[in-house]
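Hello,

Here is the structure we talked about handing over. My notes on it come after the files.

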Amino acid sequence: MKSTWLISLLFNEIKIDGALIDAASKAKSVAPDHVAQLLRKNIKLDSEGNVIVTDKEGKQRYTDSADPMNVNQLVEEFLSGNTYFKSAGPSGAGSTGNT
């Protein structure tokens, strides 16, 4: 019994951390694993095993349009407020400026 519980716990942790790291990577974070660690407290699994975004009280968060917030939206929100975690963009030979 104890090993089944442990396997389930590890699977849940991997599922949540994987979703966060994947979203942070897609959003071009310079440190996806660090972003995942910082946002981990805002994620949990619902009764069906789906990853959901939660508020400080553990309740599911919603967007301004009343849709459930997803992990990608949470990461984008975090990165827009913490720009030092976001990649600066192209630089070097072949890059173009905004001038």
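Predicted model: local features only at pLDDT ≥ 70, side-chain atom pairs only at ≥ 80, totals over all residues.

Aromatic rings

A pair of aromatic rings is described by the distance of the centres and the angle of the planes. The search, run over the whole structure, returned two aromatic pairs. One of them joins Phe78 and Phe85: the ring centres are 5.5 Å apart and the planes meet at 40°, so this pair is classed as tilted. The other joins Tyr84 and Phe85, also tilted, with 5.1 Å from centre to centre and 45° between the planes. Through these ring pairs, Phe78, Tyr84 and Phe85 are linked into a cluster.

As for burial, Phe78 and Phe85 are both buried. Phe85 has a relative accessible area of 12%, and because the cut-off for buried is under 20%, Phe85 falls in that class. Tyr84 has a relative accessibility of 60% and therefore counts as exposed.

Helix packing

Helix 2 spans residues 32-39 and helix 3 spans residues 71-81. Their axes are 11 Å apart, and the packing angle is about 105°, which means that the two helices are roughly perpendicular.

Regards

Definitions and conventions
Residues numbered from 1 in each chain as written. Heavy atoms only, no water. Phe/Tyr/Trp six-rings, centres within 6.5 Å; stacked < 30°, edge-to-face > 60°. Buried < 20%, exposed > 50% of the residue type's maximum accessible area, 1.4 Å probe, protein only. Axes fitted to C-alpha atoms, helices over the stretch in contact; angles between N-to-C directions. Helix = DSSP H or I, 4+ residues; strand = E, 2+ residues; numbered from the N terminus. Parallel < 35°, antiparallel > 145°, perpendicular 65-115°, else oblique.
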